[in-house]
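Please consider the structure shown below. The paragraphs that follow lead through it step by step.

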Amino acid sequence: MSVASEKREMTDGLRVIVSGGSMGGMFTALALLEGGHDVEVFERAAGELAERGAGIVVQPRMLEYLENRGIARPDEFTLSTNRREYLNRDGSVREGRADSMTFTGWDTLYRRLRGTVEDDRYHAGRVVGFERDGEAVAVRFENGAERRADLLVVAEGGRSETREQLLPDVGPEYAGYVAWRGLIDERDVSRELVERFEDTFLFFEGERQLVLGYLIPGPDGGTWAGERRLNWVWYDNVRDGDRLEGLLTDSRGVEHDFSVAPGGLREGVERELRASAEELPDVFSRLVGKTEKPFVQTVYDLTVPRMTAGRVCLVGDAAFVARPHTAAGTAKAAADAIELGAALDGRDRSEVESALETWEGRRLAAGRRLVREGVRMGEGYMD
Ligand SMILES: Cc1cc2nc3c(=O)[nH]c(=O)nc-3n(C[C@H](O)[C@H](O)[C@H](O)COP(=O)(O)OP(=O)(O)OC[C@H]3O[C@@H](n4cnc5c(N)ncnc54)[C@H](O)[C@@H]3O)c2cc1C
């Protein structure tokens with residue numbers, strides 16, 4: 001019997017609905033199931049979420065958390081580098097220093113987390129509203145269904161509709177640049193190109209541009225040579241509204257607000273990207289050139305004035321989005337969830353609101369700090 005189910009048998013846990021089954025939702029489910037609560041997760045997106053995302057930096061605390069719970073040992077799903085190098089345009093090294101970083105794939109980490117939540121607790125469904133209902137919250141779904149819970153955790157990401165209901169004046173603010181991204185199987189590029197990234201986190205800083213690359217495990221966590229993938233990110237200033245709109249319109253003519261998924265870039269946009277990449281140091285131009293399905297995400301900031309309202313709370317990107325330079329979005333979602341678990345520990349349904357207030361006091365400060373840090377780092381790189 002798992003720790004979570006053992007504890008559930010001993011205590012009369014809270015009934016919790018989590019809206020959003022991505023990273024924030026999974027960490028929340030994990031933390032609250034461990035606390036003996038009765039958790040149901042609802043995800044609006046059809047299909048496998050693990051198909052999403054690219055490389056992410058993993059913070060040491062997260063590694064410790066996953067290892068302590070037996071979810072994953074670092075050597076099973078991460079790769080590390082011990083050096084950071086900044087290249088000149090001609091490919092020579094401008095600056096190099098010792099620096100330890102650990103990386104994984106979004107999909108690799110997500111699969112591990114998803115595996116901790118039983119299938120009968122993870123449902124397809126889109127939350128469309130909620131109402132206070134005495135000492136409970138009534139949650140409404142797109143298919144007309146309604147469920148009562150003691151707590152609704154909103155883990156709907158940066159474009160959360162439930163947050164819009166709670167805080168209509170708050171929304172993501174475009175930072176003035178985008179992240180072109182790509183993933184490529186190491187077997188699809190030359191050995192010599194892969195070797196350039198062995199043990200080294202590589203960067204190129206151009207005029208209002210920043211490109212970086214690193215090796216990540218294969219989709220199922222394979223860390224051996226031959227199983228890995230190369231991940232690159234190219235931050236590019238796009239202040240012109242027309243250009244931004246153009247590159248966020250996908251190959252089917254659909255206009256997106258924040259990103260175009262792999263395989264969705266219009267031919268002209270992709271061609272332009274590949275042509276501009278010719279100006280990058282050779283290692284990066286070859287990576288971009290060989291990437292089959294590059295994609296784009298806008299960089300934005302989001303700050304909320306509060307994270308709770310009655311029996312509803314916001315976690316992860318639904319509350320704060322810090323720029324990717326902080327490499328901490330996933331760790332922040334995890335910390336929101338872990339501290340929520342701690343705040344609710346031993347509380348009964350009459351104490352949910354006061355527990356949320358205590359939790360909010362801690363997490364608001366952490367979220368604000370991280371967003372400020374992201375803006376500061378972004379200004380250093382991109383302005
Ligand atoms: C370029 C880039 C690089 C990044 N690099 C890193 C990194 O190196 N390290 C790091 O830690 N983080 C990184 N991040 C950030 C990280 O991906 C996020 O912070 C993290 O995934 C937050 O997860 P979330 O669950 O809060 O939100 P999301 O991943 O956005 O998930 C929200 C989920 O909610 C679902 N949903 C939305 N509305 C509803 C609804 N009404 N009902 C039901 N479901 C709903 C959505 O379908 C989605 O699955 C990066 C982000 C970007 C853009």
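**Domains and salt bridges**

R69 and E34 form a salt bridge, with their closest N and O atoms 2.7 Å apart; the term denotes a side-chain nitrogen of Lys or Arg within 4 Å of a carboxyl oxygen of Asp or Glu. The model is predicted: local features need pLDDT of at least 70 and side-chain atom pairs count only at pLDDT 80 or more, while totals for chains, interfaces and linings use all residues. Residues are numbered from 1 along each chain as its sequence is written, and side-chain values use heavy atoms, with hydrogens and water left out.

The chain is divided into domain 1 (3-44 + 125-172 + 302-382) and domain 2 (55-105 + 173-300), with bounds that come from an automatic or database domain assignment. The C-alpha centres of the two domains are 29 Å apart. In contact, meaning heavy atoms within 4.5 Å, are 24 residues of domain 1 and 22 residues of domain 2. The area buried between the domains is about 2000 Å², and carbon and sulfur atoms give 64% of this area; buried area is the accessible area (1.4 Å probe) that two parts lose on being put together, summed over both. P172, Y381 and M382 supply 32% of the area that domain 1 buries against domain 2, more than any other three residues. Between domain 1 and domain 2 the count is one salt bridge.

Within the structure as a whole there are 37 salt bridges. One of them joins the side chains of R196 and E85, at 2.6 Å from N to O. This pair links distant parts of the chain, since R196 is in helix α7 (residues 191-197) and E85 is in strand β4 (residues 79-87), 111 residues apart. Helices (H or I, at least four residues) and strands (E, at least two) are DSSP runs, numbered from the N terminus. R196 is partly exposed at 24% relative accessibility, whereas E85 is buried at 8%; buried means under 20% relative accessible area, exposed over 50%, and partly exposed in between (1.4 Å probe, protein chains only).

R286 lies in helix α10 (residues 282-290), so the pair ties together parts that are 94 residues apart in sequence. E192 is exposed at 53% relative accessibility, and R286 is partly exposed at 26%. R286 also forms a salt bridge with D282, their closest N and O atoms being 3.0 Å apart. D282 and R286 are four residues apart in helix α10, about one turn of the helix.
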